[in-house]
Amino acid sequence: MSSRWTARAHSKVNLHLGVGDAREDGFHELATVFQSLELHDEVSFTPGPETEIVVTGPHAAGVPTTPDNLAWRAITAVAAALGKPEAATGTLRLTKNIPAAGGMAGGSADAAAALLLANQALSEEIGCAPVAHKMLYHIAADLGSDVPFTLMGGTALGRGRGELLTQMLARGHYTWAIITNAEGLSTPSVFRKLDELRAAGRGSSPHLDTEAVGKALVNGSPHELAAAMHNDLQAAALSLRPDLRKVLDTGEAAGALKGMVSGSGPTCAFLCEDADTAHEVVAQVCADNRGTRGLVTTGPASGAALVE
Ligand code: C5P
């Protein structure tokens, strides 16, 4: 019988998200600082003759159970790289704790975890050597801009469309209040909105200098980090979803050092001095804003990792 393999898929925040011009391939040139969070999905894969995708957990709603799920596409890509595309069959289970379509790379993280699972499980099944780690990063970049970082984890500078990674020195451990929203936001529409705002002479000009966040991370001070955090996509996300302004204001009034739209939103991430403040931020934001849910997590965490 085939063995079942399990992995953790960690979410991320962008401590800095600088967005340059749109490129010819439609992607935008980024200068971003990623940090992985303890908040994670659990992903498991058991090779077998039938294909089944089962999604459970508090944020399962809306996650596809069809083969176009990014995590399943990761399994297919690994089977092809192992030289046996027909081996990509079995049961994939996702326990979703990361909000879907929320700007926390939940789908990307599941795909990164699935890359590790498929590499382990299918190479054992086929009886061949696993795909080299470097090759997994290439496959990850093909799957999506955030997949390589969710594979790597920790704290990293992302250039290109986010896939060219350099690990950063980061001291300190940070506490986050995360506020999710019942209604998601599509990433392409937020990037498009930023282009529109800029074409009209509005919207944030590209902030491609990550030095302030880099220095704050070397010093390990949450106050300094709060002052340096920036997201070029925030104005566009707020333009599409004006309700998020109140979420940010309530969270900061409740004691957060800084609140920011996470990635392309609509999730908002609040950097807090300690866990008590973070819980207070969650309580007050959720009491004052319909359709929101909250949780407290910390970073940095690891990248996708197999669980013993
Ligand atoms: O790479 P990924 O599939 O996650 O990107 C989703 C969408 O987000 C892209 O199709 C594009 O519209 C937008 N995007 C972008 N520039 C980036 C990353 C994503 O415009 N660097």
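Author: Happy to! A polar contact here is a pair of N or O atoms within 3.5 Å; within protein, one must be able to donate a hydrogen and the other to accept it, and residues adjacent in sequence count only if both atoms are side-chain atoms. This is a predicted model, in which local features need pLDDT of at least 70 and side-chain atom pairs count only at pLDDT 80 or more, while totals for chains, interfaces and linings use all residues. Residues are numbered from 1 along each chain as its sequence is written, and side-chain values use heavy atoms, with hydrogens and water left out.

Let us start with the contacts. Histidine 28 has a side-chain N or O atom 2.7 Å from an oxygen atom of the ligand. Serine 145 also places a polar side-chain atom 2.5 Å from a ligand oxygen. Arginine 161 takes part through its backbone, where an N or O atom lies 3.1 Å from a nitrogen atom of the ligand. Taken alone, the ligand exposes 450 Å², and the protein buries 73% of that (accessible areas come from the Shrake-Rupley method with a 1.4 Å probe; for residues, only the protein chains shown count as cover).

Now the wider shell. The residues around the ligand (a heavy atom within 4 Å of it) include Gly26, Phe27, Leu30, Gly144, Thr187, Pro188 and Phe191. β2 (28-47) and α5 (187-199) are the elements that give two or more residues to this shell; helices (H or I, at least four residues) and strands (E, at least two) are DSSP runs, numbered from the N terminus. α5 gives the most, with three residues.
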